[in-house]
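I opened the notebook to look up the fold, a few individual residues and the aromatic pairs. The entries follow in the order I checked them.

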Amino acid sequence: MSRSVKILACLLSLGTTAYTYGNDKPVTVIEPDKSMPTIQVAAIDTEKFELGAYVGLLSVEDFNTNPVTGVSFTYHINRKFIAQANYGISTVGKAAFEEVAGGNFLADDEYDFEYINLLAGYNLLDGRSFLGKRHKFNSAIYLLAGVADVSFAGNDKTGMVIGASYRAVVTDWMTINLDLRDTIVDREFLGDSKKTNNTEMLIGVNALF
């Protein structure tokens, strides 16, 4: 065997030995942490009742928009239906024509718009609401309808209420609601009788029990 062939064979042998030695080192496999944190979302489970308070704005037809406050009591009949009672009151400012005429057409206590209503709600849509990346809440949208007894401008009338309510379960004992309601009621004022629409936009906080 020639000298050059022997040298080539030795080089190949050394390279193979070095490669094998390098691969004999232990390899550490890093496994990703696949465990996911368990998130418990608050929900209405055994609770059947809600007692709450709300504030918002009431727009009285022919008059203006003013703050309204009230209290509510809600009973969860089942997953789809609720029954609700509300009491609200707002002090309405003068109508535009009163400002122009420069006088009051109502007694002071007749500017109080006061109502009690009884509503039924149907759960139209269940879902979850998200606040940022870390917070999510069980929520639902209800359609509302019912009757109301309204006292305003010297009238005590019974009318109907239609509306919608967005409700979210914040904790196991508290919910919030955003409501839009229209109270439709007949009103006699200055010798004129008409059907009026009185719209509310409300936000409420309720305790579950």
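The model I am reading is predicted. I looked up Ile 77 and found a relative accessible area of 43%. Ile 77 sits in the loop between strand S2 (65-76) and S3. Leaving aside neighbours within four places in sequence, I listed its contacts as Lys 48, Ile 82 and Ala 83. For Lys 48 I also took the C-alpha to C-alpha distance to Ile 77, which is 7.4 Å at a sequence separation of 29 residues.

Entry 2, the fold. I traced the strands and found a closed barrel of eight, in the order S1-S2-S3-S4-S5-S6-S7-S8, with antiparallel pairing. Neighbouring strands of this sheet are turned by 25° against each other on average, direction ignored. Where does strand S1 pair with strand S8, and over how many bridges? I counted eleven bridges, in the antiparallel sense, between S1 (residues 49-60) and S8 (residues 192-208). As one example, I noted Asn 206 in S8 as the bridge partner of Gly 52.

I placed Ser 90 in strand S3 (residues 81-91). Is Ser 90 buried or exposed? Its relative accessibility is 2%, so I noted it as buried. A polar atom of the Ser 90 side chain lies 2.7 Å from the backbone oxygen of Pro 67. Beyond neighbours within four places in sequence, Ser 90 is in contact with Leu 58, Asn 66, Pro 67, Val 68, Tyr 111, Asp 112 and Phe 113.

I went on from Phe 113, one of the contacts of Ser 90. The structure holds seven aromatic pairs. In one of them, Phe 113 and Phe 152 are tilted, with 5.4 Å from centre to centre and 45° between the planes. Phe 113 belongs to strand S4 (residues 112-131) and Phe 152 to strand S5 (residues 135-152), so this pair ties together parts 39 residues apart in sequence. I checked the accessibility of each: Phe 113 is buried at 2% relative accessible area, and Phe 152 counts as buried at 4%. I also recorded one aromatic cluster, formed by Phe 49, Phe 73, Tyr 75 and Phe 209. Separately, I found the charged end of Arg 181 over the ring of Tyr 54, 5.4 Å from the ring centre.

I found Asn 155 in strand S6 (residues 155-169). At 9% relative accessibility, Asn 155 counts as buried. Which backbone oxygen lies 2.9 Å from a polar atom of the Asn 155 side chain? I identified it as that of Glu 188. Glu 188 is also in the contact list of Asn 155, with Val 150 and Arg 187, once neighbours within four places in sequence are left aside.

Terms used
Residues are numbered from 1 along each chain as its sequence is written. This is a predicted model: local features need pLDDT of at least 70, side-chain atom pairs count only at pLDDT 80 or more; totals for chains, interfaces and linings use all residues. Side-chain values use heavy atoms; hydrogens and water are left out. Helices (H or I, at least four residues) and strands (E, at least two) are DSSP runs, numbered from the N terminus. Buried means under 20% relative accessible area, exposed over 50%, partly exposed in between (1.4 Å probe, protein chains only). A polar contact is a pair of N or O atoms within 3.5 Å; within protein, one must be able to donate a hydrogen and the other to accept it, and residues adjacent in sequence count only if both atoms are side-chain atoms. Contact means heavy atoms within 4.5 Å. Rings of Phe, Tyr and Trp (its six-membered ring) pair if their centres lie within 6.5 Å; planes under 30 degrees apart count as stacked, over 60 as edge-to-face and the rest as tilted. A charge sits over a ring if NZ of Lys or CZ of Arg is within 6 Å of the ring centre and within 35 degrees of the ring normal. Two strands pair if DSSP finds at least two bridges between them. Axes are lines fitted to C-alpha atoms, for helices over the stretch in contact, and angles run from 0 to 180 degrees between N-to-C directions.
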